[in-house]
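Subject: Structure handover and notes

Dear colleague,

I am passing on the structure we discussed, and my notes follow below it. Please read them with the structure open beside you.

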Protein chains: 2
Amino acid sequence: MAQRTLDREDWIDAGLTALEAGGTEAVAALPLARALGVTRGSFYWHFASREELLEAVVARWERDHSDAVLDALESITDPWERLRALCERAASKPPSLFIRLLEATDREPAAREAIQRSSERRLAVIGRACRETGMTPAVARRHALLMYSAYVGLARLLDEEPGRMTPRERAAYARHLVVTLVPSE
Amino acid sequence: MAQRTLDREDWIDAGLTALEAGGTEAVAALPLARALGVTRGSFYWHFASREELLEAVVARWERDHSDAVLDALESITDPWERLRALCERAASKPPSLFIRLLEATDREPAAREAIQRSSERRLAVIGRACRETGMTPAVARRHALLMYSAYVGLARLLDEEPGRMTPRERAAYARHLVVTLVPSE
DNA sequence: CAATTGCCGTACAGGGGTGTACGGTCTTTT
DNA sequence: AAAAGACCGTACACCCCTGTACGGCAATTG
């Protein structure tokens with residue numbers, strides 16, 4: 001269990017944990033070394049620079065926490081059902097990693113690029129679902145922008161103050177989202 | 001025109017400019033001194049610490065860019081009109097200062113507290129307008145949360161990529177917001 | 001016309017981070 | 001068993017920022 005030595009993946013794991021807790025500025029050689037109980041000598045064996053670490057952490061987030069859930073969503077064939085699932089997810093526990101990356105887009109190019117790609121994909125997925133419910137392409141684009149904005153905004157709000165909504169209130173809010181944002185069949 | 005010496009307000013002015021351009025980390029003694037063409041010797045005459053500067057900058061934002069516009073909004077008596085004005089504003093040029101503060105809430109207590117107060121006030125104002133259009137208090141709360149989330153989310157998106165929407169598209173989006181989020185009279 | 005007062009420069013001490021150059025020490029391979 | 005490789009510690013030079021102490025100078029003010 002107690003691994004004798006660390007490898008690259010261990011640092012990336014620790015990086016994701018640190019990112020969630022302390023934002024991108026916690027994803028750095030010295031803080032992570034402290035958390036892992038080693039010195040930076042180990043870090044610079046696995047990574048050439050702090051930038052390379054952050055890029056690796058961000059890449060893993062994009063693969064496991066962005067692309068993966070979008071793939072799962074796209075596997076839902078019925079577009080109304082897909083949009084409802086989207087509303088459910090929007091009102092569930094806020095995605096801390098996403099928020100942390102969002103907060104760092106002005107300082108960290110790696111975060112900005114990943115967030116930009118992810119946002120574009122999300123908008124495309126939502127827009128396609130909207131079109132499949134019968135909206136015109138132009139309306140679908142606007143509605144996708146509205147739904148995604150509502151997702152991002154709520155995530156921010158909830159991340160700031162997790163106690164703002166109880167699970168019961170989140171469920172009620174999810175229903176409200178469905179009623180106001182998902183077109184009727 | 002070329003003032004011979006700087007006062008506290010000059011530093012706060014420069015702080016707001018730096019905040020918009022470089023986020024809260026640009027609101028600091030050394031960067032601002034460079035921008036103003038002086039040394040930090042001047043800064044520490046006007047402020048006891050970097051924290052005090054940021055607090056002053058944030059306080060001015062809250063007064064001039066949050067409370068002021070909310071006061072103006074609340075002066076609109078008709079609640080439907082008030083909500084329409086809100087949608088207009090949401091789809092207009094994104095509030096960079098607001099976004100910068102939002103991005104710093106995890107590092108800067110001053111920003112977090114101001115954003116929290118501002119968010120609370122905004123939610124209250126929107127919620128009241130919703131109630132005045134006939135919604136029940138519970139529904140009004142949820143709808144206010146949705147409208148404010150959409151505002152925050154779009155602001156983030158547009159700030160990241162200002163070229164995403166032309167003025168024409170923003171106008172169309174504002175109409176879309178009114179249609180989907182403002183109840184009919 | 002002297003004396004404050006307001007504003008600014010300079011110099012120092014320190015904190016926290018980065019990268020680099022080495023040397024060790026285990027572990028694996030041959 | 002010796003060599004090679006993987007991992008980590010240590011020490012150094014550096015950057016960028018903070019805060020403090022102090023000294024100078026210009027513009028009021030008495």
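Two residues are taken to be in contact if their C-beta atoms, placed from the backbone, lie within 7 Å. On that basis, the contact between the chains takes 26 residues from chain A and 25 residues from chain B. Please keep in mind throughout that this is a predicted model.

On the side of chain A that touches chain B, the elements giving two or more residues are α7 (109-132), α8 (137-160) and α9 (167-181) of chain A, and the largest share, 14 residues, comes from α8(A). Sorted by class, this side of chain A has twelve nonpolar, nine polar and five charged residues.

How are the two copies related? A rotation of 180° with 0.0 Å of shift along its axis superposes chain A on chain B, with an RMSD of 0.1 Å, and the two copies are thus related as by a two-fold rotation axis. The interface agrees with this description in its own terms: 96% of the interface residues of chain A are also interface residues in chain B, so the copies meet through the same surface.

Turning to the fold, the secondary structure of chain A comes to nine helices and zero strands. The C-alpha atoms of chain A fill a box of roughly 60 × 35 × 35 Å, taken along the principal axes. Of the 185 residues in chain A, buried residues make up 36%, and among the contacts in chain A with a separation of 6 or more, 64% are accounted for by residues 24 or more positions apart.

One helix that I looked at in more detail is α7(A), which has 24 residues and reaches 35 Å from its first C-alpha to its last, close to the 34 Å expected at 1.5 Å a residue. Its buried residues include Ala110(A), Ile115(A), Arg122(A), Gly127(A) and Cys130(A), and the buried residues of α7(A) pack against α4, α5 (79-90), α6 (96-102) and α8 of chain A. After α7(A) comes Gly134(A), whose phi is positive, near 110°.

In chain B, helix α7 (residues 109-132) holds Gly127(B). Is Gly127(B) buried or exposed? Since a residue counts as buried if 20 or more other C-beta atoms lie within 10 Å of its own, Gly127(B), with 21 such atoms, is buried. Leaving aside residues up to four places away in sequence, Gly127(B) touches Ala140(B), Arg141(B) and Ala144(B), while its C-alpha atom is separated by 7.9 Å from that of Pro137(B), ten residues apart from it along the chain.

Leu157(B), found in helix α8 (residues 137-160) of chain B, is likewise buried, with 21 other C-beta atoms within 10 Å. With residues up to four places away in sequence again set aside, Leu157(B) touches Ser119(A) and Ser149(A) as well as Arg164(B). Leu157(B) and Ala85(B), 72 residues apart in sequence, are 20 Å apart in space, C-alpha to C-alpha.

The largest nonpolar core has 95 residues, of which Val57(A), Met147(A), Val57(B), Leu101(B) and Met147(B) touch the most other members. One of these, Val57(B), touches Ile12(B), Gly15(B), Leu16(B), Leu19(B) and Val27(B), not counting residues up to four places away in sequence.

The residues of the surface near DNA strand D divide into eight nonpolar, six polar and six charged.

With best regards

Notes
Residues are numbered from 1 along each chain as its sequence is written. Chains are lettered from A and ligands numbered from 1 in the order in which they are written. This is a predicted model: local features need pLDDT of at least 70, side-chain atom pairs count only at pLDDT 80 or more; totals for chains, interfaces and linings use all residues. Helices (H or I, at least four residues) and strands (E, at least two) are DSSP runs, numbered from the N terminus. A residue is buried if 20 or more other C-beta atoms lie within 10 Å of its own, exposed if 12 or fewer, and partly exposed in between; C-beta atoms are placed from the backbone. A nonpolar core is a set of buried Ala, Val, Leu, Ile, Met, Phe, Trp, Tyr and Cys residues joined through C-beta atoms within 7 Å. Ala, Val, Leu, Ile, Met, Phe, Trp, Tyr, Cys and Pro count as nonpolar, Asp, Glu, Lys and Arg as charged, and the others, Gly among them, as polar. Copies are superposed by least squares on the C-alpha atoms of residues with pLDDT of at least 70 in both. The expected span of a helix is 1.5 Å times one less than its number of residues.
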